Amino acid sequence: MPVSVIDAGIPNTDAGPDFFNAKIRIGNTMWAGNVEIHQRASDWYAHGHHKDKAYDSVALHVVGEYDSPVCRSNGELVPQAVLHIPEKVRANIRWLLSRDTPVPCAVRLGGLPAIYLSDWMAALAAERLERKASDIFVRLEKYAKDWNEIFYITLMRNFGFGTNSDAFEWLAGSLPYKYILKHRHNPLQVEALLFGQAGLLGAGESPSFITKGIKNAGTTSLPADADPYYLSLCREYEFLRKKYLLQQPVEGFLFKKLRTRPVNFPHVRIAQVAAVWINRDLLFSEIVEKEEIGQIRSLFKALPSEYWNTHYHFGTASSSSQKKTIGKNAINTLLINTVVPVLFAYGKQKRRPEYCDRALKFLEELPPERNHIARFFEKAGVSVGNAGDTQALIQLRREYCDLKKCLYCRIGFRMIDK
């Protein structure tokens with residue numbers, strides 16, 4: 001009797017049948033129910049399903065080998081379909097799932113047709129954007145559906161550039177965007193709010209010649225030879241902290257400097273992000289109106305205050321003067337990880353597909369990211385031409401390769417078939 005799968009249903013990762021709410025046509029009869037899969041039919045009894053009412057709703061039992069009829073807890077027979085798997089396919093599956101390498105199929109990637117791979121890459125890039133959009137929707141509920149606040153939180157997180165991402169998000173969570181907006185015309189106050197809430201104005205983070213005799217950032221008994229800029233930040237922050245009853249600052253030690261280049265020091269990054277907020281009013285509202293990636297890139301070309309030309313942290317001046325503008329690669333990273341996903345999520349939430357299309361277009365226009373995942377796949381023979389490709393490869397590696405989900409991957413499926 002012919003069996004047709006109309007809807008495979010929903011995979012179940014918990015206890016119970018393997019797939020929920022499937023639709024199957026057996027002969028001329030349409031069935032709606034769950035599906036259980038075993039190597040042998042007798043595994044139904046070995047696993048005790050004949051005694052478990054959770055399996056009474058199974059509409060089809062799919063097996064590789066038929067060695068016994070099976071029944072529900074009330075004695076009714078369960079329809080079974082025998083799925084014969086050719087030995088060649090079995091061998092390919094074993095080859096994929098048993099290889100002790102991060103990407104089992106890497107040695108064969110170069111032989112895949114380019115059009116086949118590009119279609120899967122496009123799907124993976126969209127899949128990754130959907131996953132990021134889901135994270136943004138969670139924040140949206142938390143922050144009263146304020147898109148400018150969501151963009152602020154997301155941008156702050158990504159200013160941590162991986163090493164300090166969590167610390168920067170905690171900083172943003174402790175300092176509402178509305179306070180940044182109120183003081184954006186006073187650069188020193190914006191910097192004071194950010195450095196203060198980052199916990200970088202406390203005694204434990206400042207140079208010894210500054211902290212001598214200081215019990216906390218707000219004290220007025222400061223040594224005469226202390227850094228004037230630092231002292232100004234301390235005074236401004238103490239005033240603003242009391243004015244707005246700000247919550248406890250982030251612990252300063254959470255911002256890591258170990259194994260980072262000076263230009264990536266948290267002090268420099270906070271000064272840079274402060275410059276962005278100082279130069280722009282409602283940044284996300286501006287971004288929504290821009291249709292070209294170059295126009296958006298220019299919004300991030302902000303110059304921190306002059307103090308940071310000669311400093312990487314408080315107190316000790318560097319031997320040379322260097323403007324600490326945000327680098328081109330850093331801006332591209334912010335566009336990929338902040339602008340594109342927030343714009344995509346905004347389009348989905350507002351039911352404005354043109355914003356989703358624009359986000360995908362931006363990914364295709366941005367240069368590829370340089371990271372270990374992209375380098376690995378390039379070495380394996382995969383062509384990487386833009387940021388959409390690298391986002392696709394990150395999705396492939398993290399959601400398929402690392403989890404050994406070869407049977408859910410189009411590349412894995414083709415390897416098994418061929």
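## Reading a helix pair and the core around it

User: In which handedness does α7 pass α10?

Analyst: In this predicted model, α7 passes α10 in a right-handed crossing.

User: Which residues of α7 and α10 meet?

Analyst: From α7 come Pro 187, Val 190, Glu 191, Leu 194 and Phe 195, which meet His 267, Ile 270, Ala 271, Val 273, Ala 274 and Ile 278 of α10. The residues of this contact divide into nine nonpolar, one polar and one charged.

User: Is α7 largely enclosed or exposed, and what covers its buried residues?

Analyst: Nine of the eleven residues of α7 are buried, so the helix is largely enclosed by the rest of the structure. The buried residues run through Gln 189, Val 190, Glu 191, Ala 192, Leu 193, Leu 194, Phe 195, Gly 196 and Gln 197, and what covers them includes α4 (147–158), α5 (165–174), α6 (177–182), α9 (228–244) and α10. Just after α7, Gly 199 takes a positive phi of about 75 degrees.

User: Which residues touch the most other members of the largest nonpolar core?

Analyst: In soluble globular proteins, nonpolar side chains tend to be buried together. The largest nonpolar core in this model has 80 residues, of which Phe 151, Leu 194, Phe 195, Trp 277, Phe 300 and Phe 314 touch the most other members. Helix α13, residues 328–350, supplies the largest share of this core, with twelve residues. Leaving aside residues up to four places away in sequence, Phe 300 touches Phe 151, Leu 155, Val 276, Leu 283, Ile 287, Ile 326, Ile 331, Leu 334, Leu 335 and Val 339. A second, separate core of 27 residues includes Trp 120, Ala 125, Leu 393 and Leu 396.

User: Where is Tyr 307 found, and does Tyr 307 count as buried or exposed?

Analyst: Tyr 307 is found in the loop between α12 (293–298) and α13. Its relative accessibility is 14%, and Tyr 307 therefore counts as buried, the cut-off being under 20%. Not counting residues up to four places away in sequence, Tyr 307 touches Asp 227, Tyr 229, His 313, Phe 314 and Gly 315.

Methods:
Residues are numbered from 1 along each chain as its sequence is written. This is a predicted model: local features need pLDDT of at least 70, side-chain atom pairs count only at pLDDT 80 or more; totals for chains, interfaces and linings use all residues. Side-chain values use heavy atoms; hydrogens and water are left out. A crossing is left-handed if the near helix is turned anticlockwise from the far one by less than a right angle, and right-handed if clockwise. Helices (H or I, at least four residues) and strands (E, at least two) are DSSP runs, numbered from the N terminus. Contact means heavy atoms within 4.5 Å. Ala, Val, Leu, Ile, Met, Phe, Trp, Tyr, Cys and Pro count as nonpolar, Asp, Glu, Lys and Arg as charged, and the others, Gly among them, as polar. A nonpolar core is a set of buried Ala, Val, Leu, Ile, Met, Phe, Trp, Tyr and Cys residues joined through side-chain atoms within 4.5 Å. Buried means under 20% relative accessible area, exposed over 50%, partly exposed in between (1.4 Å probe, protein chains only).
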